[in-house]
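Student: Could you take me through a close look at one helix packing in this protein? I would like to see how the two partners are arranged and which residues meet.

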Amino acid sequence: MAATLETRPGGGGPIATNGATPPGAATTAWNPPAQDLTHRPVTQVLQKVTEESKALIGEEMQLARAELTSKAKTAGKGAGLLGAAGVVAIFGALAFTAAIILALAIVIPPWAAAMLVALVYLAIAGILALSGRAQVQAATPFVPEQTLRTLTDVVQRVQSAWKRGEAKP
């Protein structure tokens with residue numbers, strides 16, 4: 001059964017009048033109906049539009065699902081690589097610490113070199129902890145204080161305007 005080919009209005013590619021896509025023709029997500037619906041009852045036209053809309057939405061949902069799945073896989077691989085980089089960085093920091101201890105062991109006893117490096121790390125950790133605690137205390141309580149002050153002021157102005165009988169606060 002051979003398909004009769006026509007050209008799309010406006011210079012588009014060939015379409016088959018029997019609804020089949022001709023071989024070698026590019027397909028798109030939505031192809032306008034090949035039949036003329038101008039002399040059809042409104043109910044048939046609406047039914048056709050509904051069917052084609054459902055099909056289009058279904059295809060778009062499948063495309064979105066495939067795209068999001070691909071992006072999630074890529075993001076997962078990236079997160080895994082970042083985690084691996086963190087582990088390797090920790091190993092590097094440990095090796096650097098050992099190198100510092102060994103370098104200091106040339107000048108002072110090895111136990112003293114290890115103790116000195118540990119004390120420096122503990123001092124840095126203490127400074128970071130105090131700084132972090134100050135930041136947390138500055139951010140607490142977790143209440144939008146400025147917003148509450150503004151809202152309280154607005155409520156008081158509305159109440160006073162209401163008591164005065166004015167329309168605007």
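Tutor: Happy to! A word first on what "meet" will stand for: two residues are in contact when they have heavy atoms within 4.5 Å of each other. Please keep in mind that this is a predicted model.

To place the pair, the protein has three helices and two strands, and along the sequence they run in the order β-β-α-α-α. The partners here are helix H1, residues 42-104, and helix H2, residues 110-139. Two packed helices are described by the angle between their axes and the distance between the axes. For H1 and H2 the angle is about 135° and the axes lie 8 Å apart. The two helices are therefore oblique to each other, and H1 passes H2 in a right-handed crossing.

Now for the residues themselves. From H1 come Thr97, Ile100, Ile101 and Leu104, and on the H2 side they meet Pro110, Ala113, Ala114, Leu116, Val117 and Tyr121. Sorted by class, this contact has nine nonpolar residues, one polar and no charged ones.

As for the setting, buried residues account for 5% of the 169 residues in the protein. Its accessible surface comes to about 13,900 Å², and 69% of that belongs to carbon and sulfur atoms. Of the contacts between residues at least 6 apart in sequence, 11% join residues at least 24 apart.

Conventions: Residues are numbered from 1 along each chain as its sequence is written. This is a predicted model: local features need pLDDT of at least 70, side-chain atom pairs count only at pLDDT 80 or more; totals for chains, interfaces and linings use all residues. Side-chain values use heavy atoms; hydrogens and water are left out. Helices (H or I, at least four residues) and strands (E, at least two) are DSSP runs, numbered from the N terminus. Buried means under 20% relative accessible area, exposed over 50%, partly exposed in between (1.4 Å probe, protein chains only). Accessible areas come from the Shrake-Rupley method with a 1.4 Å probe; for residues, only the protein chains shown count as cover. Axes are lines fitted to C-alpha atoms, for helices over the stretch in contact, and angles run from 0 to 180 degrees between N-to-C directions. Angles under 35 degrees count as roughly parallel, over 145 as roughly antiparallel, 65 to 115 as roughly perpendicular and the rest as oblique. A crossing is left-handed if the near helix is turned anticlockwise from the far one by less than a right angle, and right-handed if clockwise. Ala, Val, Leu, Ile, Met, Phe, Trp, Tyr, Cys and Pro count as nonpolar, Asp, Glu, Lys and Arg as charged, and the others, Gly among them, as polar.
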